[in-house]
Structure formats: structure tokens, C-alpha cells
Amino acid sequence: MIFGFNTDVKHGDTIYHVQSEARKADLLLQTMVFVRGHCIGKYASSYAEQVGNPGFSEEHIHSLLKNQHREVIDVVKAGSVDQFFRGQTEIRDAEGESLAVTWLNANEPPVAQKLTMRLLVSDSGAAVDGALVTSRLQHPAGVPIHSQAVTEGDGHAEIELNLSELDRTVRDPVVFVRATHGERSVTRKYRLKAEGSC
């Protein structure tokens, strides 16, 4: 079982509460910072890239979460929490890669059992040209459906998913999107909403 972390850190006259937890359903590690009960910033990283590795375990997730929690505590102690959260607009891999992938049209529903995902691949906020983007639609039978695209100069790519073969009894299926550029990669897990759902 993975336990979260809660730490009070004082900097100047302010007490910051740093709270970290693993969101296993989304394969994310999330750290939030509170001042007097109000959340002043949130940082999340994805561990979807590591899940398929041999030997991956809950202990590994716990270690990644502990490291992330410590990183944010160090930022608070250094007095640079505002600058840190201004720079955290993207979810990156838990191992510290700067490459990020963002699903831009997540609120658009599928049309005729097809879903077009518009994606942005970036590196520290700058668009990445020529990144290979692949998707794996999680299938109840264990047979993944793949599609791929390459990002343009603006970092954008589109992937079309055929949802017609999905088991209709599975609610909110998921897709794993991986962007690779050179030796670096990032993987995100996204939930798909069923056609007609809000």
C-alpha cells in the first residue's frame, strides 16, 4: 500500500503545508502546497512510462513520490515556491524528464466511434518538432490498438482512435500516449469519455 506524505514547512513568517499522494487510477504523483488551508500550487508527474518495466512495484511508486515530496519541500525552504509553480504548467515524467505531452481537445466527444486527439509535445514550454507520438488504447482482451503521428514545427500532432472495437461494458476506457524525441520520452494515461457522456 502506498502512503502519502504531509509536511509543514516554515519559511519566514509563513507555514506551508506540503501534501503528496499517488493517484493510481491516473498513474500520477501529485503534490499540493497549502497556506492557511488554501491551495497555492499543484505539481503532478506521470509514472506511466515506468509501469511496464520489469520489477516495477508499489515500492518504486512510493520512492518516486517521496523524492517528489522532498523536491517540493526543498523549493519551499529556498523561498522559491512562487517561481516553481509558475514553471509547472505541464505534467512530465516522474524521473525528471523535461519532455511533456498535453491533450488539447480532451473535452471534445468521439464522433461516429472515432476520436481525434490533438496533442502538443513540448520541452520546458517550447514546442518540439519531429517527436514521434504513439497511442495504445487499452483493450479488455489485452489486444492494444496502435496509432502514431509525428509533431509539426508547432509541436502539434493528431492521432485518430477507432473506438468501435471497444468492449461496451468498459466504462471510461483509457489510452496511453507516448511521445519520443531523441533519447527522451514521456508517457501519459488519459481517460476517454464514452460518446454522449458529460
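Which backbone nitrogen lies 3.2 Å from a polar atom of the side chain of Ser 46? That of Ala 48. The views below show this and other details of a predicted model.

**View 1. Ser 46 and its polar contacts.** Ser 46 belongs to strand β4, which runs over residues 38–46. Ser 46 is buried, at 1% relative accessibility. A polar atom of the Ser 46 side chain lies 3.2 Å from the backbone nitrogen of Ala 48. The Ser 46 side chain also reaches the backbone oxygen of Thr 187, at 2.8 Å. With residues up to four places away in sequence left out, Ser 46 touches Leu 27, Leu 28, Ile 91, Arg 92, Asp 93, Ala 94, Thr 187 and Arg 188. Asp 93, in β5, is also the bridge partner of Ser 46.

**View 2. Strand β4 and its pairings.** β4 pairs with β3 in the antiparallel sense, over 8 bridges. Within this pairing, Gln 30 has Ala 44 of β4 as its bridge partner. β3 and β4 make a hairpin, with 2 residues between the strands. Arg 36 sits in the turn, with a positive phi of about 50 degrees. β4 also pairs with strand β5 (residues 92–93). Here the sense is parallel, over 2 bridges.

**View 3. Ser 20 in strand β2.** Ser 20 lies in β2. Its relative accessibility is 2%, so Ser 20 counts as buried. The side chains of Ser 20 and Thr 31 are joined by a polar contact of 2.7 Å. Neighbours within four places in sequence aside, Ser 20 contacts Gly 4, Phe 5, Gln 30, Thr 31, Leu 65 and His 69. Ser 20 and His 69 are 49 residues apart in sequence. In space, their C-alpha atoms are 6.0 Å apart.

**View 4. Helix α1 and its buried residues.** Helix α1 takes in 20 residues, 58–77. At 1.5 Å a residue it should span 28 Å, and its end C-alpha atoms are 28 Å apart, so the two values agree. The buried residues of α1 are Ile 61, Leu 64, Leu 65, Gln 68, His 69, Val 72, Ile 73, Val 75 and Val 76. These buried residues pack against strands β1 (5–11), β2 (14–23), β3 (28–35) and β4, and against helix α2 (81–86). Gly 79 follows α1. Its phi is positive, near 75 degrees.

**View 5. Aromatic pairs.** The model holds 4 aromatic pairs. Tyr 47 and Phe 56 form a stacked pair, 6.1 Å centre to centre, with 20 degrees between the planes. Tyr 47 is buried, at 2% relative accessible area. Phe 56 is partly exposed, at 22%. In another pair, the ring centres of Trp 103 and Tyr 190 are 5.3 Å apart. Their planes stand at 65 degrees, so this pair is edge-to-face. The Trp 103 and Tyr 190 pair links distant parts of the chain, 87 residues apart. Trp 103 is in strand β6 (residues 99–103), and Tyr 190 is in strand β13 (residues 184–191). Both Trp 103 and Tyr 190 are buried.

**View 6. An aromatic cluster, and an arginine over a ring.** Tyr 43, Phe 84 and Phe 85 make up one aromatic cluster. Elsewhere, Arg 136 lies over the face of Phe 176. The distance from the ring centre is 4.6 Å.

How values were computed
Residues are numbered from 1 along each chain as its sequence is written. This is a predicted model: local features need pLDDT of at least 70, side-chain atom pairs count only at pLDDT 80 or more; totals for chains, interfaces and linings use all residues. Side-chain values use heavy atoms; hydrogens and water are left out. Rings of Phe, Tyr and Trp (its six-membered ring) pair if their centres lie within 6.5 Å; planes under 30 degrees apart count as stacked, over 60 as edge-to-face and the rest as tilted. Buried means under 20% relative accessible area, exposed over 50%, partly exposed in between (1.4 Å probe, protein chains only). Helices (H or I, at least four residues) and strands (E, at least two) are DSSP runs, numbered from the N terminus. A charge sits over a ring if NZ of Lys or CZ of Arg is within 6 Å of the ring centre and within 35 degrees of the ring normal. A polar contact is a pair of N or O atoms within 3.5 Å; within protein, one must be able to donate a hydrogen and the other to accept it, and residues adjacent in sequence count only if both atoms are side-chain atoms. Contact means heavy atoms within 4.5 Å. The expected span of a helix is 1.5 Å times one less than its number of residues. Two strands pair if DSSP finds at least two bridges between them.
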